[in-house]
Amino acid sequence: GLSGTPFKRGDKQDLKLIALTGEVCYKITNKEMIEDGVSAPTDIKLVDIEFPDLKTVREFHEAYDDGIVFNEYRNKMICDFAECYYEQGKQVLIIVKKIDHGNLLDQLLYDFKETAFVPHYFVHGDTPMDERTEMINSFKDGVTRVLIASSILDQGIDIPNIDVLIFAAAGNSHIRAIQRVGRGLRMNEGKDKLIVIDFCDRTNKYLAKHSVDRISSYRKENCFDIEFIA
């Protein structure tokens with residue numbers, strides 16, 4: 001067995017995996033791969049989000065919708081970052097969890113401001129396979145420089161030319177966080193580092209806890225440069 005994120009799956013799934021493959025016989029860390037020049041040095045920029053005030057919201061799903069999916073302030077910042085790096089000629093991957101969020105960002109990238117112009121695709125599980133392949137290949141070839149994607153790109157897709165990852169999805173899964181950074185760690189010609197844009201969502205206790213969990217996952221790798229942006 002070979003995996004970048006083999007364990008910490010919960011519900012005794014780790015034991016099932018060990019039963020099939022045996023214990024870990026060799027481990028190489030992201031830090032070692034970056035130091036050896038196999039993976040790209042990574043800068044993680046954590047952007048402070050404190051609007052809107054959702055402290056009184058008690059249900060997680062409501063907090064997620066209001067604080068992540070339909071958060072105008074946060075979504076505008078995502079579009080600003082995407083446009084900034086697009087204009088620098090970077091390849092930008094925006095990762096969402098909910099299709100509604102992807103559809104919203106898909107439209108916003110065209111009209112989040114009067115002069116907005118960010119050509120892009122949105123690919124998700126319901127995208128027909130031939131269209132999905134065309135969109136991903138267009139991004140891999142550098143023809144399309146901005147791609148919004150659902151979790152279908154979390155695993156099994158090789159896109160080495162990613163320069164910027166924007167984590168619009170939030171969440172607290174250690175495996176998902178490291179897998180998503182891994183989408184952009186592959187070295188590519190002309191690529192000197194990976195930039196990750198993530199958010200410190202302080203609008204609600206659930207979202208804040210998830211942000212802390214992701215930051216903890218990044219720090220445990222002991223190889224990412226982490227910067228907090230107010």
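At 56% relative accessibility, E35 counts as exposed; the cut-offs here are under 20% relative accessible area for buried and over 50% for exposed, with partly exposed in between (1.4 Å probe, protein chains only). K31 falls into that middle class, as its relative accessible area is 31%. The two side chains meet in a salt bridge, with N to O at 3.7 Å. For that label, a side-chain nitrogen of Lys or Arg has to sit within 4 Å of a carboxyl oxygen of Asp or Glu. Both residues belong to helix α2 (residues 30-35) and are four residues apart, or about one turn of the helix.

A word on the ground rules: this is a predicted model, so local features need pLDDT of at least 70 and side-chain atom pairs count only at pLDDT 80 or more, while totals for chains, interfaces and linings use all residues. Residues are numbered from 1 along each chain as its sequence is written, and side-chain values use heavy atoms, with hydrogens and water left out.

## The overall fold

Stepping back to the whole protein chain, there are eight helices and seven strands.

Of the 230 residues, 46% are buried. Now take contacts (heavy atoms within 4.5 Å) between residues at least 6 apart in sequence: 73% of them join residues at least 24 apart.

## Surface and charge

The protein chain exposes about 12400 Å², and carbon and sulfur atoms supply 51% of that. Areas like this come from the Shrake-Rupley method with a 1.4 Å probe; for residues, only the protein chains shown count as cover.

On the charge side, there are 30 positive and 38 negative side chains, and the centres of the two sets lie 6 Å apart. Lys and Arg are the positives, Asp and Glu the negatives, with His and the chain ends not counted. Each charge is placed at NZ of Lys, CZ of Arg, CG of Asp or CD of Glu.

## Salt bridges across the sequence

The salt-bridge count comes to 14. K193 and D43 join through their side chains, N to O at 2.8 Å. K193 is partly exposed at 33% relative accessibility, whereas D43 is buried at 17%.

Then there's E227 with K45, whose closest N and O atoms are 3.1 Å apart. E227 is partly exposed, with a relative accessible area of 40%, while K45 is buried at 18%. Elsewhere, R74, D198, D201 and R214 are linked in a network of salt bridges.

## Backbone details

A few spots in the loops deserve a look. The peptide bond from F51 to P52 is cis, with omega near -5°, and P52 sits in the loop between β1 and α3 (60-69).

A170 isn't a glycine, yet has a positive phi of about 60°. This alanine is in the loop between β5 (164-167) and α7, and is buried at 11% relative accessibility. N222, also not a glycine, has a positive phi of about 55°. You'll find N222 in the loop between α8 (205-220) and β7, exposed at 53%.

## One more helix residue

Finally, E72 lies in helix α4 (residues 72-87) and is exposed, with a relative accessible area of 68%. The C-alpha atoms of E72 and K113 are separated by 12 Å, and the two residues are 41 apart along the chain.

Terms used: Helix = DSSP H or I, 4+ residues; strand = E, 2+ residues; numbered from the N terminus.
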